[in-house]
Amino acid sequence: MENIYTDLALEMAEQLQDGDGGYIDGVEVDNYDQNGIMVNTVRIVNESGAAAMGKAQGHYITIESPEIKVNNVAVHEEIITILTDNLARLVQGVDGTVLVIGLGNRSVTPDSLGPQVVSKVLITRHIMDDLPVGLDGLRPLCALAPGVMGMTGIETGEVVRGLVNHVKPALVVAIDALAARKISRINQTIQLTDTGISPGAGVGNRRMPLNKENLGVPVIAIGVPTVVDAAIFATDAMGLFLHQLAEEAPDAVGSGLSFIQTLENLEDSDKYAAMHAAIDPTVGNMFVTPKEIGEVVGWLSNIIANAINMAMHKGIEREDINRFMY
């Protein structure tokens, strides 16, 4: 049986649900709907839960809406508010300089989320003694998009650790593109966690984790799944096709209906393993992304940057940020 990788703690928790819809020991999940936007919180509360999930103990908050990937300003503003509130809650009590790290490759569109967010955050560390009139409640904030090791020859974790040692921030906020298990969550989900992040993990290129253990300061990670494994995409697409065929044209299927039902009853991991084995010789380790990814990453970077700006800089609103940034 082959494990299906995902960066989303919510998807890992869903995979580990029991037959009654409950969750394993050490994992707590709750959710609420805010004006059509679903907010899920996964809490990993002990070592047993961490071992089963393959993730560190802490909070994993996901914000889901199909309107994220379309140009719906009203919904985007609602998502900014939700993300701001949850981010502010996770960093409550942390004072001092904030270092924002935009992970990823700005030259590869689905991997450019981090660098794009960095270009839109309100940088203040260098002007704290000469702030614009009317901007009160700001804190020192600096940012960097360090690129990827294939471009620099330097491990991202080494770059960030060097910056932390020099700048001595009270908090690091890292932004990165992720990979999801479900194609329905691509470009529609934002994950926020207080456990840090492993750059490149979503595409099987795991590097030194950016977390409190390695950097010595708290690390908040914000990510969006922008790609999905080609084998997962093929598995889900084939499943949807067969289900629709059985539902809408059972006579055409005929004696093959029982075979389709047998396939549908297979474990997801078994379906994935079979599809991966079938397509791997042809396409290799391929990840796919929607064709509108360029526009969507632009909207997502605005949402995340505005949330960081308002959560980190107390006393200013979106209008203030737009006035001085865009």
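These legends describe an overview and close-up views of charged residues in a predicted model.

Figure 1. The protein chain holds 13 helices and 9 strands. Of its 326 residues, 46% are buried. Its accessible surface is about 15,500 Å², and carbon and sulfur atoms account for 51% of that. Among contacts with a separation of 6 or more, 72% join residues 24 or more positions apart. The whole structure contains 6 salt bridges.

**Figure 2. Lys 55, a buried lysine without a salt bridge.** Lys 55 sits in the loop between helix H2 (47-53) and strand S3 (58-64). Asp 7 has the nearest side chain of opposite charge, 5.1 Å away. Leaving aside residues up to four places away in sequence, Lys 55 touches Thr 6, Asp 7, Leu 8, Ala 9, Met 12, Ile 44, Ala 50 and Tyr 60.

**Figure 3. The salt bridge between Lys 182 and Glu 14.** The N to O distance is 3.5 Å. Lys 182 lies in the loop between strand S6 (171-179) and strand S7 (189-193), and Glu 14 lies in helix H1 (residues 9-15), so the bridge ties together parts 168 residues apart in sequence. Lys 182 is partly exposed, at 34% relative accessibility. Glu 14 is partly exposed too, at 24%.

Figure 4. The closest N and O atoms of Arg 43 and Glu 28 are 3.2 Å apart. Arg 43 is partly exposed, with a relative accessible area of 23%. Glu 28 is also partly exposed, at 37%.

**Figure 5. Glu 64 and Arg 185, a buried pair within a network.** Their side chains meet in a salt bridge, with an N to O distance of 2.7 Å. Glu 64 is in strand S3 and Arg 185 is in the loop between S6 and S7. The bridge links distant parts of the chain, 121 residues apart. Glu 64 is buried at 17% relative accessibility. Arg 185 is buried at 7%. Through shared partners, salt bridges join Glu 11, Glu 14, Glu 64, Lys 182 and Arg 185 into one network.

Methods. Residues are numbered from 1 along each chain as its sequence is written. This is a predicted model: local features need pLDDT of at least 70, side-chain atom pairs count only at pLDDT 80 or more; totals for chains, interfaces and linings use all residues. Side-chain values use heavy atoms; hydrogens and water are left out. Helices (H or I, at least four residues) and strands (E, at least two) are DSSP runs, numbered from the N terminus. Buried means under 20% relative accessible area, exposed over 50%, partly exposed in between (1.4 Å probe, protein chains only). Lys and Arg count as positive and Asp and Glu as negative; His and the chain ends are not counted. A salt bridge is a side-chain nitrogen of Lys or Arg within 4 Å of a carboxyl oxygen of Asp or Glu. Contact means heavy atoms within 4.5 Å. Accessible areas come from the Shrake-Rupley method with a 1.4 Å probe; for residues, only the protein chains shown count as cover.
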